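Hi,

Here is the structure I promised to send over. Have a look at it first, and then read on for my notes.

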Amino acid sequence: MQVSRNTFWAGCLSVLLLAGCGDSSEPKSQEPSKDVMTEVTAFYAANPDFFGFKTETDIPPNLIWEDGAEQPEIGSPKATKGGARYRRMQDFPRTLRTAGPDSNGSFRAYLLDDVGMTLAKPHPQTGEMYPGLAQAWAVDKPNKTVYMKLDPRATYSDGTPITADDYMFMFWFYRSPYISDPWYNSNYSTRFTNITRYSDHMISISLPQAKPDMTYFATSVRPIPRHHYKEMGEDFSDRYQWQFEPTPGPYIIKAEDIRKGRSIALTRLENWWAKDLKFYRHRFNMDRVQFNVIRDTAKAFEAFKRGDIDQFGLGLAEYWYEKLSDNAPDVEAGYIKKAVFYNQRPRPPFGLWINTARPLLDNLELRQGIAHATNWQLVIDQFFRGDSSRLHDSNDGFGEFSHPTLKGRAFEIEQALQYFAAAGFSQRGPDGILINATGERLSFTLSTGYASMKDVLTILKQEAAKAGLEFRIEVLDGTASWKKTQEKKHDISFVAFGRFLEMYPRFWEHYHSFNAYDTAFLEDGSINPQRKLKTQTNNLESFAIPEMDQLIEQYRASEDKQEMIELAHRMIELHHDYASFVPGFYQGFFRLGYWRWLHYPEEFSYKHASGPGELFVEWIDTAAKQQTLDAKKAGEKFETSITIYDQWAE
């Protein structure tokens, strides 16, 4: 995890469902080249309380240093390097930037989240920290500061050493208006109070509060290569649209491997600086990871069965039980393996995100009616064959921070009709859909980028009609749907965010009015009649309530775990009462089919892993690939492999 936004979720329910839409147009004209470091240095000087410059003699002498060395290795010692992995993506990414407009799509995981490096990360099995770009860290809780010894071996993919100056620059970068990214601008201006450089390889980061997870938060930042952005300016978005940022991670993207609208590939660095380190030596094994655009899921599945794709997510019941059943010829013959792995972690909040800034949807009774007119249980029973569970709010899976008793509203037609009547919709039209006194229909567009789950929306549409509610289904490609939602042009969006492995849920980015409107309220707390929607944020519900703002600010300021738990429960209740999110479902596992030349560790994955590809522990056996293809041609068979890994089932 980086200290970054939750991103659009595209996981193992099928295959990668969102990556963006290719833009083959030429970039706009750029500013003349300049060296931004003069501006950066002046910014440091103008903010001496935030940017500190000291020597190692200023470091407190009695710190207790940790290095995570006791944590277990990740991956298998049996893993071998080499080979190419072939994957599918539904759409082409809109940009290679990881900040700024259109940068929050799911392909960002392969630019940053899954393959990038931070100072340290939570171990996917234990949840404890293991080292990344830091060799060791020490916490000074009274002074709300974490000290980090940077690994002097660390370099970017272009060979440039990573030093303390890249972390200093990072704070300027994320606070800069050039990136046109309000989430980063706000987060890096308010969630940290100081960074101090002691030497090339020693820094400290201070936080406004000594929160229970302060080590995690302080070490989750990443360096920004200042040499790459030396010409940064007002044209940032266009200048860096298709430039691959030098990375401390194992994979790069070469210019010749960017075939807009068609494919993109990761290439492993043979001389990656961390390739022999304990937590990385058995990971990132493939020499090349090729992503080909296959927009239609059915066609992607056919490509998988041909062996053009090495793996296919089987989270959808029709694929697990029918299209690749246990007695499918390729499964019985042992060419394709099937696996289910149960995990424990925060759950992607699949559900209906209602834009309360849209006409009619600002009415509470109407939203409550929508919740009771939405039959998620039938979706679970019929579409998922009972393999999913009902999500009860948008923050399930955070342990004691999740609400212990609150339940999502049940499908109840009479209850829905009562709420709709209270909102002015009490008469049915000739097609059974409710109308109000002016003849306006109770009808909303329900948008999604999940083409493989369009039948979910069909079920919801049919059931909602029983309560007089019309859902106009709109299935867009993943990028177009996400863009529409982030621009707040949706009525209701069926979507989910990926969740990081964090101690407690985030509320600010989804529910604070700062991320809904430019100025949501007047000084007296009343609604600002001139307020304007703020786009490119994760507040998809245009959620703006003064009480929630106050609770969020109290939650962010709190250093007491028990107080934070109580505040989290209150905010979850407040969000539930507002009825702007209709919680859907979650799966407590991931499942997949994969060709026998793709190998995983003996235990397959880790307790807190979100999916099979997140940790890059798999590897390609090129000899087994040729053996399998030859055997299939000759009609020879291998042992059938269908495995359920339930050691971490809830």
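Predicted model: local features only at pLDDT ≥ 70, side-chain atom pairs only at ≥ 80, totals over all residues.

Strand S20 first, which covers residues 443-448. Six of its six residues are buried, so S20 is largely enclosed by the rest of the structure. You can see this on both faces: Ser443, Thr445 and Ser447 are buried on one side, and Phe444, Leu446 and Thr448 are buried on the other.

Which strands does S20 pair with? One is S21 (residues 470-475), which runs parallel to S20 and is joined to it by six bridges. Within that pairing, leucine 446 has isoleucine 473 of S21 as its bridge partner. To get from S20 to S21 the chain passes through helix H12 (residues 454-466), and this β-α-β crossover is right-handed. S22 (residues 492-495) is also parallel to S20, with three bridges between them. There, serine 447 stands opposite serine 493.

Now the helices. H9 (residues 364-372) and H11 (residues 413-422) have axes that come within 8 Å and cross at roughly 160°. Angles over 145 degrees count as roughly antiparallel, so that is how H9 lies relative to H11. Their crossing is left-handed. On the H9 side, the contact is made by Glu365, Leu366, Gln368, Gly369, Ile370 and His372; H11 contributes Gln415, Ala416, Tyr419, Phe420 and Ala422.

Cheers

Technical notes
Residues numbered from 1 in each chain as written. Heavy atoms only, no water. Buried < 20%, exposed > 50% of the residue type's maximum accessible area, 1.4 Å probe, protein only. Helix = DSSP H or I, 4+ residues; strand = E, 2+ residues; numbered from the N terminus. Pairing = 2+ DSSP bridges. Right-handed = clockwise from strand over helix to strand, strands pointing away. Axes fitted to C-alpha atoms, helices over the stretch in contact; angles between N-to-C directions. Parallel < 35°, antiparallel > 145°, perpendicular 65-115°, else oblique. Left-handed = near helix turned anticlockwise from the far one by under 90°. Contact = heavy atoms within 4.5 Å.
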